[in-house]
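Please look at the structure below and follow its strands and charged side chains in turn.

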Amino acid sequence: FTTFWKALEGYFQDARLRQLFGRYATYVGSSPFLSPATLMLVAHVEQVGVWILEAGMHGLARALAELAGSLGASFRYGESVAEIESAGGRTSGVLLESGERLEAAAVVCNADVAALAGGRFGETVARSFPAPSRSARSQSAVTWSVVARSTGFPLVRHNVFFGGNYRDEFEDVFVRQRIPADPTVYVCAQDRPGHDGSGALDEERLFCLVNAPPTGDAHSFEPREIEPCEERAFGQLARCGLELERTRESTVVTTPTDFERLFPGTGGALYGPPSHGWQASFRRPGVRGPLPGLYLAGGSAHPGPGVPMVALSGRMAAAALREDLASTSRSRTVGTGGGMRTR
């Protein structure tokens, strides 16, 4: 029942080690000062071993789509859903913005639960969820996707450059709701598969990130706010010895406002609700939605954010759907003593 940070104080006297291991809270968009000590399990999992998809994260989605297609599933890309419809107290299908209706005995929704509760899929569905709370959001981010030449620091695939005042960083995000004044900067060197810092490249793809408040629906993150943030972030990298030769043309910036546009109803929160307090996991919505026939998948539903967890949520939603469809059929498959199977 203690916090992640308090538990770390019992293991590490050096504040830098507490800062290092406390970073695991951000894997689920949360603060180590508010998250439960259960998150120490993440470090254990990484010691056991972590796998990476050679084709990238999108490779998993593509492989699933190909497998589903081979089994008869059809896909409608680029279609906007206006409403999840219901009839007789259960889900009956979806209404597209084009006006077309797709009837269905069940609907699996992998949008953020906040979008459902906020009425983005119709008032009938929204009324079945608790009212969304802006305070119950995980962190967002400001990111820079760059093509650059890096010198001065032996980058590996994943790199974290810590700010000086760790507690203030999370106070800025979750309490003051502003971009941290002294941010920690994460850098993913996507073209470096190894972990020994070797193989420097003349030019490489880098993904740089700092935490930010999930207020993209209430606050417009304009260049006058992002530019000082960029100076602080890349200044932090320079102080640690990493110099990047990049141009404005080779840099794409994404803010909480942009993430809200990509994921409406979230404010730019990237991990669904935060994992704050020992009850957080139990408050996360399960895969069965409150409306019969509606199933939830994605980072805002159980078991949580991250590619492995989201993949598990999809499997669990599918299993729940199949179980429920079987339980509502008029008769179920049974075995007989003579070895025959009848219905």
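In what follows, a residue is called buried under 20% relative accessible area, exposed over 50%, and partly exposed in between, with a 1.4 Å probe and protein chains only. This is a predicted model, in which local features need pLDDT of at least 70 and side-chain atom pairs count only at pLDDT 80 or more, while totals for chains, interfaces and linings use all residues. Residues are numbered from 1 along each chain as its sequence is written, and side-chain values use heavy atoms, with hydrogens and water left out.

Strand 7 (residues 185–189) has four of its five residues buried; helices (H or I, at least four residues) and strands (E, at least two) are DSSP runs, numbered from the N terminus. Strands pair if DSSP finds at least two bridges between them, and strand 7 pairs with strand 6 (residues 158–161) in the antiparallel sense over four bridges, where N159 has V187 as its bridge partner. Four bridges also join strand 7 to strand 8 (residues 204–212), again antiparallel, and there Y186 stands opposite L209.

Salt bridges, meaning a side-chain nitrogen of Lys or Arg within 4 Å of a carboxyl oxygen of Asp or Glu, come to a count of 20. One of them joins R192 and E204 at 2.8 Å, N to O, and this pair links the loop between strand 7 and strand 8, where R192 lies, to E204 in strand 8, twelve residues apart. R192 counts as buried because its relative accessibility is 4%, and E204 is buried at 1%.

In helix 9 (residues 256–262), D258 and R261 lie three residues apart, about one turn of the helix, and form a salt bridge with their closest N and O atoms 2.8 Å apart. D258 is partly exposed because its relative accessible area is 22%, whereas R261, at 57%, counts as exposed.
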